[in-house]
Amino acid sequence: MCTPCCIAQLACCCGSAACSCCCKCCPKIKQSTGTRIMYALYFLLVTVLCAVMMSPTVEQALKENIPFYAEFCQTVNAGEDCKTLVGYAAVYKVCFGMACFFFFFCIFTIRVNNSTGCRAAVHNGFWLLKFIALVACCAGGFFLPNESTFLEVWRYIGAVGGFIFLLIQLMLLVEFAHRWNANWYSGVKYNRLWYAALAFVTLVLFSVGVGAVIFMGIFYTHPEACLLNKIFLGINGSLCLVVSLLAISPFIQKLQPNSGLLQPGVITVYVMYLTFSAFSSKPKEMVVIDGVNTTVCVFPFNSGTESDKKIVTGLGTVILFGCVLYSCLTSTTRRSSAALRVCRNTEPETERARCCFCFGDDTEEYDEEQTGSGQNVVYDEREGTIYSYAFFHFVFFLGSLYVMMTATNWFHYDNHKIEKLLDGSWSVFWVKMASCWVCLILYMWTLVAPIVCPKRFVA
């Protein structure tokens with residue numbers, strides 16, 4: 001019964017066939033979606049490996065639970081207790097291999113416009129062979145000569161790529177805010193309940209934003225310290241108010257009738273999140289209170305134990321890498337690529353108000369292939385690719401650099417541990433604070449661009 005399914009899985013691993021699950025009860029999956037999920041799994045696997053390499057807790061557990069650990073490390077020439085396989089240098093080398101893997105496929109898939117060619121077949125299949133190639137790339141980083149020179153140069157390349165990836169994330173956020181408003185506003189024409197939904201969500205977003213300002217004002221400022229926190233909280237809060245008023249100003253409404261408070265509400269919440277994250281990442285400040293050195297401008301944990309911090313760190317890490325995967329996957333859709341000016345969206349803009357507006361309609365009819373007793377695969381790229389293969393791999397290339405810099409605490413990598421990922425440093429503080437301002441500037445530009453460059457926005 002399972003023989004056809006097993007053969008299909010072998011074809012998926014070693015041939016050009018699309019991947020599917022062995023379970024027939026799984027819903028049908030598009031070929032393009034399955035391909036992107038497989039690359040995302042590769043990316044996530046290497047990301048987890050980087051986290052393990054930066055964790056002394058895992059290193060200690062390996063020493064205690066693996067028999068003949070020291071002898072094994074000597075056998076593979078990994079140094080005493082496998083020191084060359086842990087730490088920031090090891091993360092740099094592994095991420096170098098992953099970045100090379102995605103960069104090669106970026107070059108390899110340039111100008112692939114349909115899924116019937118040999119290059120498209122390699123992109124959509126041969127998963128076992130590509131996994132072996134990824135492992136070889138990551139392992140090859142440990143054999144690079146002139147390690148000190150490589151680490152120094154690669155650090156700055158990683159910083160540039162990480163900043164570009166951050167910029168893409170922020171552009172996608174702005175595009176997400178505009179799309180949300182446009183989608184729900186289109187429903188107002190035939191059902192006034194969508195207007196009520198817009199008003200309710202907008203109220204919730206601004207309530208969260210104002211609550212965040214009050215929260216940070218209470219816990220992350222102090223009368224005798226934390227001057228930067230006070231200044232930047234005031235600046236970011238004021239800028240959020242400015243863009244909100246700008247979005248509903250008469251001269252913006254004249255050119256963009258759909259512009260409302262939903263978009264600045266989304267931007268405000270995200271900016272407040274980045275501000276909170278920046279304050280949490282700043283090195284702790286201490287003042288003398290009643291003759292005792294006291295840490296100020298930090299959120300007090302009730303229990304005072306390390307378990308609370310580990311939970312917060314773990315949750316923050318999951319959210320962080322979830323955002324990375326979301327950016328890598330959504331930035332390659334036609335609509336997002338057009339917003340990023342990577343490709344021109346020639347499809348007509350037809351909006352149908354939906355609660356889950358992020359997901360496109362699945363009403364199109366495509367050819368299906370019955371995979372034995374397994375999952376059905378929908379071949380949605382027979383007429384042409386629905387996303388840019390080259391740009392897809394380029395975003396994952398940039399994501400590799402961003403993960404590398406984030407896992408190693410950007411430029412403060414000495415003695416860094418993954419358990420202290422959210423403790424941060426001054427470099428992390430300034431990166432997040434700069435991200436707030438870039439996000440606000442990008443959104444403000446989308447509002448004033450039709451005024452500054454009217455010819456580019458003429459229908």
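This is a guided tour of one predicted model, stop by stop.

**Before you start**

Residues are numbered from 1 along each chain as its sequence is written. Because the model is predicted, local features need pLDDT of at least 70 and side-chain atom pairs count only at pLDDT 80 or more, while totals for chains, interfaces and linings use all residues; side-chain values use heavy atoms, with hydrogens and water left out.

**Stop 1: the whole protein**

Show everything as a cartoon. The protein has 16 helices and five strands. These are DSSP runs, numbered from the N terminus: helices are H or I with at least four residues, strands are E with at least two. Of the 459 residues, 43% are buried. Buried means under 20% relative accessible area, exposed over 50%, and partly exposed in between (1.4 Å probe, protein chains only). Take contacts between residues at least 6 apart in sequence: 77% join residues at least 24 apart. Contact here means heavy atoms within 4.5 Å.

**Stop 2**

Select glutamate 152 and arginine 155. Their side chains form a salt bridge, 2.7 Å from N to O. The rule asks for a side-chain nitrogen of Lys or Arg within 4 Å of a carboxyl oxygen of Asp or Glu. By that rule the count is one. The two residues sit three apart in helix 8 (residues 147–186), so about one helical turn separates them. Arginine 155 is buried, at 4%.

**Stop 3: glycine 158**

Stay in helix 8 and select glycine 158. Its relative accessibility is 0%, so glycine 158 counts as buried. What does it touch beyond its neighbours within four places in sequence? Leu401, Met404 and Met405.

**Stop 4: helix 5 against helix 8**

Select helix 5 (residues 88–108) together with helix 8. The axes lie 11 Å apart, at an angle of about 65°. Axes are lines fitted to C-alpha atoms, for helices over the stretch in contact, and angles run from 0 to 180 degrees between N-to-C directions. That makes helix 5 roughly perpendicular to helix 8. The classes are: under 35 degrees roughly parallel, over 145 roughly antiparallel, 65 to 115 roughly perpendicular, and the rest oblique.

Show the side chains at the contact. Helix 5 brings residues including Tyr92, Phe96 and Ala99; helix 8 brings residues including Phe150, Trp154 and Arg155. By class, this contact has nine nonpolar, no polar and three charged residues. Ala, Val, Leu, Ile, Met, Phe, Trp, Tyr, Cys and Pro count as nonpolar, Asp, Glu, Lys and Arg as charged, and the others, Gly among them, as polar.

**Stop 5: helix 12 and helix 10**

Move to helix 12 (residues 262–281) and helix 10 (residues 227–247). They pack at about 170°, with axes 10 Å apart. Helix 10 and helix 12 are therefore roughly antiparallel. Among the residues in contact are Phe232, Asn236 and Cys240 of helix 10, and Thr268, Met272 and Phe279 of helix 12. The contact of helix 10 with helix 12 has nine nonpolar, six polar and no charged residues.

**Stop 6: helix 12 and helix 9**

Contact residues include Leu205, Phe206 and Gly209 of helix 9, and Val269, Met272 and Phe276 of helix 12. By class, the contact of helix 9 with helix 12 has 16 nonpolar, five polar and no charged residues.
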